[in-house]
Structure formats: structure tokens, C-alpha cells
Amino acid sequence: MSTLAPTDEPRAVGDTRRAGRWVFITATVMLMAWVLVPIYLLFVNTLSSPSEVSGFPKTGLPSFDFASVEFFLSFSGVARALWNSVVVAVLTMVLSIGIGAPAGYALSRFDFPGKEVFRMVVVMTRAFPLPLLALPLAVMFIRVGLDDTALGLAFVHTVLALPFAVLITFSLFSGIPIELEEAAWTLGCNRLQAFIKVVMPLILPGLVASAVFAFTISWNEVFAAAVLTIENRTLTAFLVQSLNVSPLHLKFAGGTALVVPALIFIFAVRKYLFAMWGIANR
Amino acid sequence: MAEIIIKQVAKSFGTFQALHSIDMTIRDREFMVLLGASGCGKTTLLRIIAGLETPSQGEVWIGGRRVDHLPPRERGIAMVFQNYAVFPHLTVFENIAFGLRMKKLPQQEIDKRVNRTAELMHIEQLLKRYSGQLSGGQRQRVAVARALAMEPDVILMDEPLSNLDALLRLEMRAELKGVLAESKSTAIYVTHDQVEAMSLADRISVMNGGKIVQNASPVEIYRDPAARFVGSFIGNPPMNFIKANRQDIGRWRVAGLDLYGPSHGASSLEFAIRPEDLTIGEGGFIATARVVEPLGAHTLVTCEVDGKPFRAVLDSDLKVAPGDVLTLIPKPDRIRWFDPETLLAV
Amino acid sequence: MQSRFLPYMLLAPATLFLAVFFVYPFVQIGILAFSSGDGFTMGHIQTMASHWKFGTALWNTVLLTAIIVPIQLALALSMASIVTKLKTGRSTILFVFAIPLGLSDLAAGIIWLAIFEQSGFLNSMLAGLGVIEQPILFLGYQNMWVIFAAVVLAEIWRATAIMMVILVSGMGLIPKEYYEAAEVFGASPWKRFTKVTLPLLRPSLQTALILRTIAAFEVFAVVVALGGTTLPVLMGETYQWQFTMRDRNVAAAYAMVILGISIAATLVFLRLLRVPKEARL
């Protein structure tokens, strides 16, 4: 908390002000280092040869030896796990937007009995430890033949992503004045045409961002993935299940494989971070 | 032919009754203004005619066709919204062409109509721009052009000028009047601005509390308010009202004056006069000037008559100071009387 | 028009989905945890509770949460205050602060493994500084508290961002005028923070705390990555019972415990940080 007080512009002149400024800058830089250095160290390990990874002491500089990465990529099961992760994440993305966006639209555009109840249920889902759903669903999936499938896991990940999809699309739609739709109706559109010609083009960037967000939620999820997949393991499931048997350089390359796409996604949707988390969590 | 007939239209939102059984006929190519304070139901009525709101009961007929069960696109209407609702992802050209494309008109016809209406609204040089690059006034023009390009039977306008600044509003008002006079459309225009209503309308419907209080020409509304509400709502400053006690048949005592009035059975009425219908002379109301506001051409004097505020608009040549005692004579042909029970004109 | 039924049609898929994949499974967990072949039983709960790891797992989970969440709250408030004060470089710094938000807990565990493992960067640094001769085995069962500390660090590192983003957007909703008014009346920066920011931030604090506390009870992958099964936590035990011991019922019993403490924590925060309707922004 010591960083807080000096962050306000001090009213005292001269030294105090300059000192405050320095504390502020130092705090900012240190916090940035706290976030960035660990990621950098992971990358250093990934870009070092296997012997360097288990060597000691380390220099903290990468040797740009790609042996670890090659080892990881050619390791049995990795390519498949990567592919499975992508499939599950894409399915999650499609399901959560496909199911969530209509609900978000309904919440934003209509007043109807039951609206608040639905909103409450959606908000409430976050008060539950959702990965636990995987336990009973494992049984149910065996019964209906969804066990160990990408679709089955995508259903669980969609439960995780759906509340966000609903609340985010709700706020996206609420940002489009209803008059734009009404104007389209008076100009000859039916509801669907007005939606496609007017609303869609306007919310598309936000919709893509929330889709990417759903993708990331699925991409990162560990527990349900580990419970529900055996043969068709995702990357997280693969890594968590082979942690105690795999060599260090495999773990670090795997960690990087998890981190890099997530970093790219976060960067791609950075403009929407607040719409995603800030508003969705009100 | 696009005569609009509204039969016993009512609308309630939950327990709130927004409209009470409205009956109204708007003649073909007439310019009708719905005037009232916010919350009086005027916008709800307009939206019911547009098809954006479903009436709780009643019928809406446009051009001999019952339309209250039809969606907006099948009613032959076009609408100008208060916030313009210019599509931000389309150019001005595409905005104006939007409805024409929905009608699947040939490109040639679309070009022709867009160019013509753009010219009419003086926005031909803006056709390639997006709404974000336009000023409020320009957006307003696009919204009107978009509606006109549809060549609708009925053009509906919901406070279209209220977001413009005063000068622009004056300019657009005159332009709108000219443009709509030349179009073949019947127009319904919602506003809370009485000056706008007066200057634009063929007829004005004054609304209050979800009911139509008076439906008449602007001059009639001003001169012969059908109800006390209209007199106090229209005109700036509004009408003066003084309690009148019956002396004899057709003789009323008003603030110390004996006046001839209606032969009404009630023991008391309300005497009403507009502030500009007062002159200074002998044998009028004894009024003490309290506040004097020179307005240029005229001077607004707020006086006290019978212990109540009473306004007079006087020639600015007259020198009046607070505290002066004036005698104000009402012009006999401009005196109106209202029943204090029914609040209607007598 | 069709608009009376339209909203329900639009909600139907989401409602159906949540019924099948959210409500039904949670009921199932309850049934699994409390029933055997012939009706109601407390047997699974007893099996769970009498297992020697249960007490440790519960204690570790609660202790981790009790340490992690308050530190995160303080850190997130500091970050959010910095971000809201910034004039230049705001979006860049905000983006950097928010990066861990997008990372998997497993990835976070692996990242901190790179630091804490025997040939890792912490040992390298200590050796470089001449503090130690030989690398120390930090993450062994002899050094349980180091594993614990590593998990705390990794969790703080990974999950403070989410709190920060919620708080930043909450602070964005507080009108500047309140601060100006407070300043005019002579409140110091610290007073402004405690008397204006914190009270008005209550709804955001509530959400952030609930979200983070529940997630902290679910801590799993970070622990597995850093300590394997050396440091038992509730979620890890659930996984063990489901897979290694192949006893779904006891796994469900564990799930009920996690669910129970999650709901309890939610209710506590809802009560503690309640904002009366009239006092909302």
C-alpha cells in the first residue's frame, strides 16, 4: 500500500513533489518487472538446449538453441494435444457465442417477466466452482457416448465461458442505440434484416473479442480437461498428467506453448479487456 | 391518399396509463403537430402510428388500410428520430439509400433519389462521409433526407430539432416547412416547443396526461384555448387568470372591475387574458409593477393584481419602474372565460 | 408482433444449456456425495474426512486463500490506483499489468517452476551472489513451506490482474467531482482514498473478492506444477480420488466441501460489503 499515497500529486512544492514522482515511477517499473520477468525466464528456458535447462548455474540469457522446442514438438502426443486444445477451444467459442449472444440481445432489448431471474442465474454461476462440473458430467458423458470427446469437454468449457458471453454481449448490444434498429425497421427491414444490416456490423469487433475471450478460457482450463479426456487430451491435460514423468525442458516448452497464444489473444483484444472483465463482473 | 385515422387508441405500460382512448383524424398531406410537455403521451402516440409500439386497444388506419397489426416496414411510413439514428457504419449516401435498397429499387433510381433528396437538404457534398464526420445539424439533414427519399405516405418526426442549438433550429425549422410543403407526404411532428409547433403546423393537437386537450389550427389554439391548460401552456408568458364572481346574469366582478361576460349559471368563473392584450388607460385593473424586464420590442412587466402575480407585455416606450401603479385595460374581444370546475372554456 | 415470445426464444438455448450442464450436474454431485446403492449415506463424507490427507488439504486450501487474497487485494488496489493516476503510457502499462489475466494457472505454475526448481533461476541467483555453494532443493517435501510460498507467489502473480481490472473499471465509474469536492474540503490523498474511493468502490470490491476467493479455493494446477502431490489441496485431492483411487463418490464429497466453503465465502462477502440500494452510484 506504500505506493498509494505518493501517487497523488503532492501539494507541497519542489523536493516532496519530485520525491513522490520518483516513488511513483519506481513502483510502476517494479510492478511491471514483477509481471514480465517470470515470463521472460520461462522463455529463456524454452530457448535453451535441454542440457542448459537442467544445467546450473544459469545466466538468465537465452542461447537461442531450439533443441528444447524441437523435442517438445516431436514428443509423442504433443501435436495431437495441441490440435485437441484448438478444437475444444474453437467449439467452446462457437457454442458460447452462439448460445450467449441471443441471450445477451434479449436481456438488452426486451423487458419481460423472468428477465431478472435469468440474469441472477447467470451471475450466480460464477459463485460456483465450475470445473467441478466435470465430475458428474464424466458419468453422464459415458452414458451418452460423449466421454473423451472434444465436444464433451467443450460443453463444460462453455459453462465457464457462457456467463461472460451473455454479460459481454449484453453490454455490447446495450451500446447500440435501439433507435438505429427502429430506424431500420421503418426503412423496410424486418427484425432479422435490421439485426444483420445494422447491429451486426457495429458489434462485430466486440463480438470477435468476446469469442477470442471464450477461446482463451477454454485454452487455459486444466481441471475439467484433465478429468474428461483420456485419449484425446488437450495440451493442459497432457502437461498436467505428464508433469511428474516429463523432463524439465518438456515442461518449459509446454508452458511456452500455453503462454504464447494466450499472450497473442490478450494483445489482440486489449481494447476490450475492460468490456470483458470490468463490465462483465459488475 | 394517406389520411390517418386513429380510433380509440389506448396504451398502458404496466399500471401506468400512457394514452387514454385517443381519437384523431389527420388529413392527407396535412402537417400535424403533437404538442405537449414530456410524459404527456405524444411520443407514445407517434410510435404507435409508426408501429414501434403496439396499442393496448384501438385501431390505426393509414390511407384506408388498417395497420395496427402490421410491422413498421409495411405501413408506408418513414421516421426521423430525435437522436437522428444515422447508421454509423454507412456513408451518408448509403444511409439515404438504405430504405431504397430494401425496396430493391434499381441502382439508377436509387442514385437519382439519393442525389435529389441530398440536394434538397443541401448535403450533396457530404455523400461520401460517415456519420462520425458530421455535425449535429448535418446528421439531422441526413436523417430527414433518408426519410424523404422513401417518398413515404406518412413522415413521422419525433422532436427532430430538439438536439440542435437555437440558431440551427430556427434555420432547420424554416427549411423543414418548405421541404415538407413540397412533398406529398402527410406529416406528424412531435414537439414540446410551442414556437416550433406554431410555425410548422397546419393543425396542432395539444396533449396532456395521455389525452388530447385541443385539436385546432395554431391561431385558434392561441386565441381560443379550449381549456385552461392550453391557455397556460401555450404562449410565453402564458395567459393571466383572475377569479371572477357573478354579480348578475352576464355580469362578473373581476379584481374590482365589473365586466360583461357569459351568461353562465356558476357563481364564479375564471377570467383570462393574454399579457399582450392589455393596454394602459383609464378604468382598468389597478396593478402594482413588481418586476420590469425590457425585452427589446416590448417590456414584460410582472405586476400584482388583487395580491396575485399578473403579467403584461407593454410597449417598450412606456417607462415603468418597480413600484409604479398602472391601470391595465383588457381588450374586450380578447377576454376568455373558463369554468373552474371543468377547466374548460365557457 | 412476435415480440412477446421472441425474448424467451432467444433465452431458450442458454437456459436449456445451463439447466443441462450447470444445474443438473450440481444436483448430481450432491447425489453422488450423499448416496450409495441403497439410499442416503454419510459414508462417503466419513471416508473423506477420516482420510489422513483431508485435514491437511482443507487447512492448506483455506490458509492459501487467507494469505493470497488479502495480498492480492492490496496489490490490485495499488496497481489500479497507479493506472488511474497515469497520464502517459496508461494503456501500455495497463496492458502489461493485465497480461497474467490471460494465462493458464498451469502455465503460471510452470513459470514459477522455472524459478524455484533445483537448477532454477532462484538458485542461480543465490549462487551468483555467493549466498549458497550448492543449489538447494526448494520444492521437496523437506521444504514444505517453500512449496507453499512458491504457490502463494505464483497465485499472486497470476491472479492479481483480474482483481485489478475489475477495480480499475470500478474506479472509472466514480465521478471526478467527488475527489475534487473532497480536496476542496481539505482531504489528504490518503483520506481521499479511504473516504471516497474505497466506499464507492464497494460493489467492485465485492465482485473482485468473491471471484478471487472462489478461484483460490479451486487452486489446483499451480500446486501440481510446483509440488506434485506433496502439498495436498482440496481440488488436488478431488482429482486424486476421481482418478487414482477411482472413487467418484468421495471425489463428489470433496466437491461438496469446496462448494460449501465457496458459498459460505460468497455469503460473507455479500453481507460484509453490502451496498444499500439507495447508496449506489
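1. Two strands are taken as paired if DSSP finds at least two bridges between them. In this predicted model, one such pair is strand S15 (residues 278-294) and strand S16 (residues 298-305) of chain B, which run antiparallel and share six bridges. Within that pair, B:Thr288 lies opposite B:Glu304 of S16(B), and B:Val292 lies opposite B:Val301 of S16(B).

2. S15(B) and S16(B) make a hairpin with three residues between the strands. B:Gly296 in this hairpin adopts a positive phi, near 100°.

3. On to the next strand. S16(B) also pairs with S17(B), again in the antiparallel sense, over eight bridges. The hairpin of S16(B) and S17(B) has two residues between the strands, and B:Asp306 in the turn has a positive phi of about 60°.

4. How buried is S16(B)? Six of its eight residues are buried, so the strand is largely enclosed by the rest of the structure.

5. One residue pair here is B:Leu34 with B:Val190, its bridge partner in S8(B). Strand S3 (residues 31-35) has the highest mean pLDDT among the elements of chain B, at 96.

6. Confidence in chain B as a whole can be stated briefly. The average pLDDT is 92, and 100% of the residues score at least 70. Among the elements of the chain, strand S13 (residues 257-260) has the lowest mean pLDDT, which is 88.

7. For the overall make-up of chain B, the secondary structure amounts to eight helices and 19 strands. Of its 346 residues, 51% count as buried. Along the principal axes, its C-alpha atoms fill a box of roughly 75 × 45 × 35 Å.

8. What does the UniProt record list for residues 4-234 of chain B? The unreviewed entry annotates this range as "domain: ABC transporter". In the model the range is 36% helix and 26% strand, with its end C-alpha atoms 26 Å apart.

9. For chain C, an unreviewed UniProt entry gives residues 58-269 as "domain: ABC transmembrane type-1". That range is 76% helix and 0% strand in the model, and its end C-alpha atoms are 20 Å apart.

10. Helix H5 (residues 105-116) of chain C has 12 residues. Its first and last C-alpha atoms are 16 Å apart, close to the 16 Å expected at 1.5 Å a residue. At the start of H5(C), a side-chain oxygen of C:Ser104 comes to within 3.0 Å of the backbone nitrogen of C:Leu106.

11. Is H5(C) mostly covered or mostly uncovered? The helix is mostly covered, with 12 of its 12 residues buried. The buried residues include C:Asp105 and C:Trp112, as well as C:Gly109 and C:Phe116.

12. For chain A, the UniProt record (unreviewed entry) lists "transmembrane region" at residues 21-43, 81-107, 128-146, 152-173, 194-219 and 252-273. Residues 21-43 of chain A are 100% helix and 0% strand, and their end C-alpha atoms lie 33 Å apart. Residues 152-173 of chain A are likewise 100% helix and 0% strand, with end C-alpha atoms 30 Å apart.

How values were computed: Residues are numbered from 1 along each chain as its sequence is written. Chains are lettered from A and ligands numbered from 1 in the order in which they are written. This is a predicted model: local features need pLDDT of at least 70, side-chain atom pairs count only at pLDDT 80 or more; totals for chains, interfaces and linings use all residues. Side-chain values use heavy atoms; hydrogens and water are left out. UniProt positions are given in the numbering used here, feature names are shortened, and annotations may be inferred rather than shown by experiment. Helices (H or I, at least four residues) and strands (E, at least two) are DSSP runs, numbered from the N terminus. pLDDT is the predictor's confidence in each residue, from 0 to 100. The expected span of a helix is 1.5 Å times one less than its number of residues. Buried means under 20% relative accessible area, exposed over 50%, partly exposed in between (1.4 Å probe, protein chains only). A polar contact is a pair of N or O atoms within 3.5 Å; within protein, one must be able to donate a hydrogen and the other to accept it, and residues adjacent in sequence count only if both atoms are side-chain atoms.
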